[in-house]
Amino acid sequence: MERTDRPTGELTLRTLAMPADANAAGDIFGGWVMAQMDLACGIRAAERARGRVVTAAVQEMAFAMPVKIGDTLCVYTEIARVGRTSMTLKVETWAQRYLTHVMEKVTEATFVMVALDAEGKPTPVPPV
């Protein structure tokens, strides 16, 4: 994972890591982090598509460091590519450490989202 000291993309989602999202050691489950990333991509892609979207694929994810109870999870998204019915988003997830201003990059991934029509069929992404 490329190390940077500042997030890239648009802050799309912020949420608090709570005890129910953690294991016995106080580390937040990776699946919970991935779900927050999926939510952020859904928000950003639906805004761009001006309608319903679904997750079609997630490329490799690796965790550089844990998220702990009390951290604020910050998910940044950037639309890297728009195809006919799909969008590719670059996603970075950072943890703002509990009661500090320290931000650390936790993970990153590429998500592919597909725009759907009212019947649930892929539909063209409208022009900007």
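Helices (H or I, at least four residues) and strands (E, at least two) are taken here as DSSP runs, numbered from the N terminus. The model is predicted: local features need pLDDT of at least 70 and side-chain atom pairs count only at pLDDT 80 or more, whereas totals for chains, interfaces and linings use all residues. Residues are numbered from 1 along each chain as its sequence is written, and side-chain values use heavy atoms, leaving out hydrogens and water.

Just after helix 1, arginine 50 adopts a positive phi of about 55°.

Among the buried residues of helix 1 are Trp32, Val33, Met37 and Cys41, together with Arg44 and Arg48; buried means under 20% relative accessible area with a 1.4 Å probe, protein chains only. The cover over the buried residues of this helix includes strand 1 (10–16), strand 2 (53–58), strand 3 (72–82), strand 4 (86–96) and strand 5 (103–115).

Turning to the sheet, 5 strands form an open, antiparallel arrangement in the order 1-3-4-5-2, where strands pair if DSSP finds at least two bridges between them. Strand 1 and strand 2 are the edge strands, each pairing on one side only. Strand 1 is joined to strand 3 by 6 bridges, and arginine 14 stands opposite cysteine 74 in strand 3.

Notes
Buried < 20%, exposed > 50% of the residue type's maximum accessible area, 1.4 Å probe, protein only. Contact = heavy atoms within 4.5 Å.
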